Amino acid sequence: MESGTCHGPHKHPCRLSLLVRSKATGLLGRPACPSLMLPPHRHLGVLTPMGLCPLARMPLLRDNFTGPLHPWAWPEVLTCTCWGAPIIWDGTFDPDVAQQEAVQNLTIGLTVFAVGRYLEKYLAHFLETAEQHFMVGQRVVYYVFTEGSAAVPRVRLGPGRRLREEREEREERVARWRPWQNVSMVRMRALHAALGGRLGREARFLRCVDVDQHFSGTFGSEALAESVAQLLGWHYRWRRRLLPFERDARSAAALDPSEGDFCYQAAVFGGSVAALRQLTVYCARGLRRDRARGLEARWHDESHLNKSFWLQKPAKLLSPEFCWSSDVGRRAEIRRPQLLWAPKEYALPRG
């Protein structure tokens, strides 16, 4: 295991090096079939073991929102971190028990940014599938961040579920950035401001989700905790030195090669109001500092989110099942995705 981290893939470096050699030369030293000679980064996740949950941690894993957890139910994947946070996979909790354990009279916020063509193309389907799968039986408030007078589609909501529109002032755009980059660079600041207002007063826990996705399976109380990070489907098996953290030391998002636990996704994150205020203000300040210096982190707000979660470890991690892209390819451990990405259309105007 590499020093300074407990990221699962580092537990078996010898097994990784054997597998990487094997794909090029074959198990007996002969040239392998060309179809097995895969590009090293694109398909590395298929080859890399995830590690094991430390035995000392396993009996202690219990979640206030799901009841007892069963980290041994999935021996093929990493089900907890070295700091004691559970990694939630299908099969590591009992959905019926989780439904019983769910805190009653709890208001959960779901925030989504939908501006320009993204509102027209994705928002209605996002909300319709959320009504079918997101926190069923709980009080939910959807907070849709839009610009100007854009028309938010009307979706039939169930009892105890509401939709609120948060109007954002149009900021000056950076001409060299794609439209989605401009949105991502102001999202953390907008969320922090909203958390200090009505959003922070109405909801106790929140999920922040990108709009170009749709719910495809139950997304319940197992996804709640004081702070929750989402494992990125592309990189959850990669060794740390290959993870796409920000490496420019001038950036506020920079991580040294010895730093970083997992690669987290900004398309899904959440937690309590207090925890999210802390996270969003940290990211917003880092983004503002970089912009003042003429810098742009490699993955924008996601780079700053990863830096924040490195410094303040999340209380719970969600497996890639909770946010999956079919572009990643088939993975045996991905059984029932809860969120699925729409095909990426980076050129689609957002504003």
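This is a predicted model: local features need pLDDT of at least 70, side-chain atom pairs count only at pLDDT 80 or more; totals for chains, interfaces and linings use all residues.
A polar contact is a pair of N or O atoms within 3.5 Å.

UniProt lists Glu302 under "active site", in an unreviewed entry. The feature "binding site" is placed at Glu302 as well, again in an unreviewed entry. The residue belongs to helix α8, which covers residues 301-311. Its relative accessibility is 16%, so Glu302 counts as buried. The cut-off for buried is under 20%. Beyond residues up to four places away in sequence, Glu302 touches Leu232, Tyr264, Gln265, Ala266 and Ala267.

Asn306 is another residue of helix α8. With 5% relative accessibility, Asn306 counts as buried. The Asn306 side chain reaches the backbone nitrogen of Tyr264 at 2.9 Å. Tyr264 is also listed among the residues that Glu302 touches. Apart from neighbours within four places in sequence, Asn306 is in contact with Phe245, Phe262, Cys263 and Tyr264.

Cys263 leads on to Tyr236. The two are 27 residues apart in sequence, and their C-alpha atoms are 6.8 Å apart in space. Tyr236 sits in the loop between β9 and β10, the latter being residues 264-272. This tyrosine is buried, at a relative accessible area of 4%. Its side chain makes a polar contact of 2.5 Å with the side chain of Glu333.

The chain as a whole was then examined. The protein chain holds eight helices and 12 strands. Of its 351 residues, 55% count as buried. Contacts between residues at least 6 apart in sequence were also considered. Of these, 75% join residues at least 24 apart.

Helix α7 was checked for its length. It runs over residues 273-292, a total of 20 residues. At 1.5 Å a residue, the helix should span 28 Å. The C-alpha atoms at its ends are 28 Å apart, which agrees. Several α7 residues are buried, including Val273, Leu276, Leu279, Thr280, Cys283, Leu287 and Asp290. Gly294 follows α7 and has a positive phi, near 75 degrees.

Aromatic contacts come next. A pair of aromatic rings is described by the distance of the centres and the angle of the planes. The structure holds 12 aromatic pairs. In one of them, the ring centres of Tyr118 and Tyr122 are 5.2 Å apart. Their planes stand at 65 degrees, so the pair is edge-to-face. The cut-off for that class is over 60 degrees. Both tyrosines belong to helix α4, residues 117-133. They are four residues apart there, so about one helical turn separates them. An α-helix has 3.6 residues a turn, so residues three or four places apart point the same way. Tyr118 counts as buried at 2% relative accessibility. Tyr122 counts as buried at 7%.

A further pair joins Phe134 and Phe219. Their ring centres are 5.9 Å apart and their planes meet at 40 degrees, so the pair is tilted. Phe134 counts as buried, at 0% relative accessibility. Phe219 is buried too, with a relative accessible area of 1%. Both phenylalanines belong to one aromatic cluster, together with Phe126, Phe215 and Phe322.

A charged side chain also meets a ring. Lys313 lies over the face of Trp83, at 5.4 Å from the ring centre.

Terms used
Residues are numbered from 1 along each chain as its sequence is written. Side-chain values use heavy atoms; hydrogens and water are left out. Rings of Phe, Tyr and Trp (its six-membered ring) pair if their centres lie within 6.5 Å; planes under 30 degrees apart count as stacked, over 60 as edge-to-face and the rest as tilted. Helices (H or I, at least four residues) and strands (E, at least two) are DSSP runs, numbered from the N terminus. Buried means under 20% relative accessible area, exposed over 50%, partly exposed in between (1.4 Å probe, protein chains only). A charge sits over a ring if NZ of Lys or CZ of Arg is within 6 Å of the ring centre and within 35 degrees of the ring normal. UniProt positions are given in the numbering used here, feature names are shortened, and annotations may be inferred rather than shown by experiment. Contact means heavy atoms within 4.5 Å. The expected span of a helix is 1.5 Å times one less than its number of residues. A polar contact is a pair of N or O atoms within 3.5 Å; within protein, one must be able to donate a hydrogen and the other to accept it, and residues adjacent in sequence count only if both atoms are side-chain atoms.
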